[in-house]
Every structure is written in C-alpha cells, then in structure tokens.
Amino acid sequence: MLGYIGRRFLYMISTLFLVSVVGFLIINLPTGTYVDFYIQRLQNEGTHTSLEQIEAITKRFALDKPLYWQYGKWLFGFVRGDFGLSFEFNKEVKELIWERIVYTVIISLATLIFTWVVAIPIGIYSATHQYTLGDHIFTLVGLIGLSAPSFLLALVLMVIAQRSFGQSVGGLYSPAFVDAPWSWAKLADLLKHLVVPIVVVGASGTASLVRMMRGNLLDILNMQYVQAARARGLSESLVILKHAVRNAIHPLIMLLGMSLPSIISGATVVSIVLSLPTTGPMYFRALQQQDMYLAVTFLVFMAIMLVIGNFLADLLLAWVDPRIRYE
Amino acid sequence: MAELDEVLRVDELRTYFYTQEGTVRAVDGASFAVKRGQVLGIVGESGCGKSVAAQSILRIVPPPGRIVGGQIIYHRQVAADGASNLSEMLNLTEMHPRGQEMRSIRGSEISMVFQEPMTSLDPVYTVGDQIMEAITLHQNVDRREARKRAIEMLEQVGMPRPGEIVDNYPHQLSGGMRQRVMIAIALSCHPSLLIADEPTTALDVTTEAQILDLMRNLQKQTGTAIVYITHNLGVIAEMCDDVAVMYLGKVVEQADVDSIFYDPKHPYTQALLRSIPRIGQARKRLEPIKGIVPDPYAIPQGCPFWPRCIHAMPGLCDHDQPEYVPIAPGHSVRCHLFRQEAM
Ligand SMILES: Nc1ncnc2c1ncn2[C@@H]1O[C@H](COP(=O)(O)OP(=O)(O)O)[C@@H](O)[C@H]1O
Ligand SMILES: [Mg+2]
C-alpha cells in the first residue's frame, strides 16, 4: 500500500516537472512574446529609468541567457513562490492569480460534487428500473444534457434564473454585495450565483456519468456474487448498495481524475459567458497576448490541480478496491 | 408416511424467461422431492434448466424470468426432539421474492453454492466479511462472535490457517479455496437444505475430488439435505441417494440411485447411461445420444425427447405430452411407454 502511494506520488511529481518544461517551451517558441513587446516599448521611451527597468527585467528573468537557463531561473523562483511578472498588467503574477485560483477550485469542486451527487443515484435508479418510464425519462434528459452546447445552456439558464426567480445573474455577487464585507448573506448570495455555472459546467459530465453508472451497474447486477449475496438472504437494497454499487463505482473513480480537465476547460467557456473571475478567462487572454509568466503560472497551477485530483482519485480507488492495495 | 420426511417437494414447476427474442421455457414441468438428510442428484445436459430450477427454489430468478406455474413446498422442521417430529409446510411460490419471509429462509434454512467459485465472492470484501454477513443476518450474535464462528466454519471446510484466511480477499485464494469459502458461507447457518449447483464443474480433477470428499463428510456430520446439481453421472453415483434426470426443463425420471443406474426406465436415462464408460462392465462401445438438444426457443411438441428417442411412437409422442407417473414407490417416469392405464 505504501509502495503504491509512493509510486503514485513520484508519478505526480514527474508529471508536474514535464508539464512545466513543455509549457515553458511552448510559450517561448513563437517570437514576439509580451516581454519583447514590453522591452521594445521601454526602449522607445529611452529614458534613464526605462533603461534601468530593462536591465532589471533582463537580470531577473535571465533574458540574455539561453532558454534552459531562463527555465531554471523561473523554476527556482516558482518553488519559492515567485511566479514572475505579468507584463500586460504590469503586476506581480502572484498578486493576480490567487483569488482566481480559489474561485476555480471552488467551482470545480462544487461541480464535481454536484455531478456525483446527482449522477450516481440516477444511474442506480436507471439500472435497477431498466426500461421503465423513469429510466426512459432520465435517458432523454441525459441526451439533452450531453448534446446541448454549454454556452447555450448558460444563456438559457441565465434567462430562466433572471425572469423566473428575479435573481441577478453573471458574476459571483449581486451588485449590493460586491464590496460588502463577508457575512452569511454574502455567502448565500455567492452560492446562489454558483448554481447556474455549476449546472452548466456539470451538465454533460453528469449525463455521461449517469450513462456509465447505469451500464456498469447493469453488468455488475449480472455477476454471480450479486446473486450469491441475494442467496445469503440480504435485503435487495443491501445487495445493491453494499455489493453491486461498490463494484460498479470503481471504474468511475478511475475516470474521476480524468474528468477534471474537462471541468476546468468547461469552466473557461462558462466563465466567459457568465463573466466569472476564474482562471479560465484570464489564462485565455494571457495565452492570446503571450503574457508568458502569467500564462505559464496558470498552466502549472492547473496541472497541479489535475495531478492532485488524480492522486486523490488513485488513493480513493485503492481504498475501494483491495486488489489494487495488494498489487 | 412418505411425505413426513421430505424437506422439499417441487411440483410441476414452470419458470419462463420472457426475452425480446421470445419465451424461453427454461423449467417447464419439473417435479422432484428431497428427503430430509439425504442427497438428491439432479442430472441433465447443459442448458436443460438445472440452474434455473435451483434459482426458482430460492426465489432469486433474475428478470425477465418468472415462475409461471407449479409449487415449491418447503417443510420447515419445528421440533425435532425425537418424540415429536413436527414440520410446518411453507409454499415458497406464494411468497414475495424480496419479502422478509423468503429472505429469512434464504441463506439460513436453504442455502446455495454456485457453479463459478471465481466469481461467486464479492472481490471488494474479505472472505470473513462475507461469511459474517450471513451469520449476523440470521443469527443473533455480535461481530466478535460472528468472526469466531466464521473462523470455525473455515476450519470445518478444511481451510489451512483459518485465522489468517478470514482476512484474505477472494483474489488471494485459488478456485478450490474459494469454493470451500462458499460452502462455509452456505453451511454457516446450519441449513436444512443445501443446493449445490455444479460446485466442482469449474475445478480441476484433483480439487474436484477434494471438494466432493468434503461435501460428503460435511453432509454426514451435519445431516443437511443436499440437492446436488451436475451433468456428471460419475459424481451422481458417488454422492447421491436419489436422482432426478432432467431434459429440456422437465424432470423425466426420478428414482433412488440404484434404480437409475441398474433399472433405468426412461429412454433418455437409458441413453445417458449408454453414453458414459462404466467400470466393471465388459467393454462395450459407448453410444452418444443421437441428435442434438433442440433450441430452447423451439421445444418440440409432445414429449420433448421424441426426435432423439429410439422408442418414439409416431402420432403419440410427437403430439401429446406424457404425464409424470409413479411406477414404483419412489420411482416416477414421464414417458408414454409407462402410461397410467398401461399399469
Ligand atoms: N437470465 C436468463 N435470461 C434468459 N434466458 C436464461 C437466463 N438464464 C437461463 N436462461 C435459459 O434457460 C435455459 C436453462 O438454463 P440453465 O438453468 O442455466 O441450464 P443448466 O441446466 O445448464 O444449468 C437455457 O436455455 C438458458 O438459455
Ligand atoms: Mg447451470
């Protein structure tokens, strides 16, 4: 078990390292990054201070050194919490990202929880009531959830929320609360604003999770050990929950880690439509502008979220499936 | 009185599967009786409905299967103090398959060992968990006592190091060991009837012999009646007191084991015996049964065996279903050669 965790942990670290190398390279590949642009502008100004600034930047990021040197310098800074400078905003990266990363983590986690809490019971219901009216209705709703583009779903839900519930939509807070200090009312307001994004981001994931849960459970229900549990005299609900669901769920846990990328990228589209201050829109812009330190920092943080998610999923899997523990 | 010492009587049982391709009449008129403390063998070719009959008794037939006719009578022993031997008659076909009444019988009074030891244990729980599950469900004991009994059961089924095995997961055990665990689970609540559905078919010959030995010994020790399902007549000869022969969902003949082997009446039973080698007999050519088992969706009209039967009487056998009639005490046959009028 410890060996298994250790191995997973090593995978995690090496994945992060690779992501940072590749990310750093790709962002530096095309000419004309924001640094070049920024330095150009300072040179044009030609004043004494601007020349000093150029020198400081060159020294800080080792711009006169080869790329691997630059990378090393950046990585060394990164692990100590110095993420570099955003040239577009002319601010330290670390001042720009934290709030957005926190919101992204909140929305992703909430979406994940929403997806599972909704999908698993529906999947169980559909499998145990195969071909009944309820099963058909869930299948139909699921197909809509799978096929509707998320930006459209976002717009439709926004209209519904505003028209029917008179709720302000878009952003994370109602205007009254934006600058208000933290209070229960503000938290409630935040949660209300999270409903639409979570439903939109989670819709297709929920629908596919329902399909998978239904299919897996139908397979497991045919297994001999389920029949054997019945033959022992267990109640049907215990047979389903204790034996069938537990076995049907672990292929889904393997997918749990892999579903994070689609949640994060799904959140990007939705955040743009709903103007949410998550990492998505800013990352998107940083990429367009080749604001390299900002972009690469976002990239690495997303990778960190992913590998941590995967690592947790691996641990969960080992907990659920003894065959992995004793591997 | 013969009925008094029966533990189970199945009477004209019909279990059909209503699939999209049509109706499979998996069990279609099966009658047999199991005497208390004895072993009844059910023998028949693969696909003739043996497993479905077993599932029907426990009322765990999976959908789209359903019991559509017949009766399953279980005689529950109420007092067995020698002086009075009272039993209570329960009709299992009338019970709700998921109801409390049926569930309290399942696993405690009637239990089952399955054909595939590799897949009959849940891979995510220890074998101890799964034995204790049955014990805590049916006996009023706490977890510590249940664990103690689980270890005792493992010891009883001949497991080495039962105190260790109890915490093993199924994937750590071989097929033979897993089948021992299944037997331990099945016997953990001291059932009056154990249904063993081809418990050794998936095992190698050596392991098969060990499991057969074990079951025979346990049967002698505990006095549990057994329904032993197999397609192997050799195993029947070794294990059983009585034999029921099944063909296409029907029991075509039931008798004590000697009558079946030395005085078989039904042409199918006779054909079955001619198709296996026998020790101590002058070497004769083995005769496979001619023809093939018909498609379960298209069972022939009349007696289902007539297309393969050397005694088939045209106009009768391919038209009318024969009745299941007693021809001697404890010996019944379903064949037009033995009609009631003819006796
Ligand atoms: N779950 C099921 N759905 C449909 N048909 C089934 C099912 N289980 C068994 N059958 C059919 O019932 C017949 C008898 O099967 P079974 O009792 O398993 O035979 P066996 O004598 O080999 O144990 C077979 O034709 C089989 O196809
Ligand atoms: Mg079978």
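**Note on a predicted two-chain model**

1. In chain A, residue A:N90 sits in the loop that runs between β1 (85-86) and β2 (91-92), where helices (H or I, at least four residues) and strands (E, at least two) are DSSP runs numbered from the N terminus. The phi angle of A:N90 is near 55°, which is a positive value in a residue other than glycine.

2. A word on the basis: this is a predicted model, in which local features need pLDDT of at least 70 and side-chain atom pairs count only at pLDDT 80 or more, while totals for chains, interfaces and linings use all residues. Residues are numbered from 1 along each chain as its sequence is written, chains are lettered from A and ligands numbered from 1 in the order in which they are written, and side-chain values use heavy atoms, with hydrogens and water left out.

3. Chain B has a cis peptide bond between B:P63 and B:P64, with omega at about 5°. B:P64 belongs to the loop between α1 (50-58) and β4 (65-80) of chain B.

4. Between them, chain A and chain B bury about 2,400 Å², 58% of it on carbon and sulfur atoms; buried area is the accessible area (1.4 Å probe) that two parts lose on being put together, summed over both. Chain A gives 23 residues to the contact and chain B gives 29 residues, contact meaning heavy atoms within 4.5 Å.

5. Three salt bridges are counted between chain A and chain B, each being a side-chain nitrogen of Lys or Arg within 4 Å of a carboxyl oxygen of Asp or Glu. A:R232 and B:E133 pair through their side chains in a salt bridge, at 2.4 Å from N to O. On the side of chain A that touches chain B, the elements giving two or more residues are α9 (224-231), α10 and α13 (322-325) of chain A.

6. Over all chains, the structure holds 29 salt bridges. In chain B, the side chains of B:K250 and B:D28 form a salt bridge at 3.5 Å, N to O. B:K250 lies in strand β10 (residues 250-256) and B:D28 in strand β2 (residues 22-35), so this pair ties together parts of chain B that are 222 residues apart in sequence.

7. Helix α10 (residues 236-274) and helix α11 (residues 279-289) of chain A have axes that come within 7 Å and cross at roughly 95°; axes are lines fitted to C-alpha atoms, for helices over the stretch in contact, and angles run from 0 to 180 degrees between N-to-C directions. A:T268, A:S271 and A:I272 in α10(A) meet A:G280, A:P281 and A:F284 in α11(A).
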